[in-house]
Amino acid sequence: MDMQVLRERAGLSRAEVAFRLAISETSVRNWEAGRTEPTMTPKKYLEALRLFKCTPEELAAASEKSINQRHKRKPGRPKRFPDNQVAQVTDSPVCS
């Protein structure tokens with residue numbers, strides 16, 4: 001179960017989660033997309049547990065799954081240089 005499934009299981013929209021936790025809807029979207037992990041004060045953390053109707057373990061697992069899914073879909077930026085080539089660095093200045 002990922003963050004989106006956790007939210008939908010609780011019957012909430014992104015806007016409702018954002019409003020009830022006093023955060024931006026963009027933050028909720030970023031959690032679900034795996035771009036960021038939820039960071040909360042202890043008070044907000046307890047509120048999130050009540051809001052999502054889940055255990056701490058379920059919230060942690062959902063966050064981890066969202067992050068892992070993102071990394072599977074988008075592996076990151078391509079390397080600047082092919083594996084068999086190394087950038088040449090010289091001690092001489094480029095401009096004189």
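**View 1. Accessible surface and make-up of the chain.** The accessible surface of this predicted model comes to about 7,300 Å², calculated by the Shrake-Rupley method with a 1.4 Å probe. Carbon and sulfur atoms account for 53% of that surface. Of the 96 residues, 26% count as buried, meaning under 20% relative accessible area with a 1.4 Å probe, protein chains only. The chain has 5 helices and 0 strands, in the order α-α-α-α-α from the N terminus. Helices here are DSSP runs (H or I, at least four residues) and strands are runs of E (at least two), numbered from the N terminus. Among contacts between residues at least 6 apart in sequence, 60% join residues at least 24 apart; contact means heavy atoms within 4.5 Å.

**View 2. Helix α2 against helix α3.** Helix α2 spans residues 14-21 and helix α3 residues 25-33. Their axes come within 8 Å and cross at roughly 120 degrees. That makes α2 oblique to α3 (under 35 degrees is roughly parallel, over 145 roughly antiparallel, 65 to 115 roughly perpendicular, the rest oblique). Axes are lines fitted to C-alpha atoms over the stretch in contact, and angles run from 0 to 180 degrees between N-to-C directions. The crossing is right-handed: the near helix is turned clockwise from the far one by less than a right angle. From α2, R14, A15, V17, A18 and L21 make the contact. From α3, the partners are E25, V28, R29, W31 and E32. By class, this contact has 6 nonpolar, no polar and 4 charged residues. Nonpolar covers Ala, Val, Leu, Ile, Met, Phe, Trp, Tyr, Cys and Pro; charged covers Asp, Glu, Lys and Arg; the others, Gly among them, are polar.

**View 3. Helix α2 against helix α4.** Helix α4 runs over residues 42-52. It packs with α2 at an angle of about 145 degrees, the axes 10 Å apart. This crossing is right-handed. V17, R20 and L21 of α2 meet K44, E47, A48, L51 and F52 of α4. The contact divides into 5 nonpolar, no polar and 3 charged residues.

**View 4. Buried residues of α3 and the glycine after it.** V28, N30, W31, E32 and A33 are buried in α3. Among them, V28, W31 and E32 also take part in the contact with α2. G34 follows α3 and has a positive phi, near 80 degrees.

**Notes.** Residues are numbered from 1 along each chain as its sequence is written, and side-chain values use heavy atoms, with hydrogens and water left out. Local features need pLDDT of at least 70 and side-chain atom pairs count only at pLDDT 80 or more, while totals for chains, interfaces and linings use all residues.

How values were computed:
Buried < 20%, exposed > 50% of the residue type's maximum accessible area, 1.4 Å probe, protein only.
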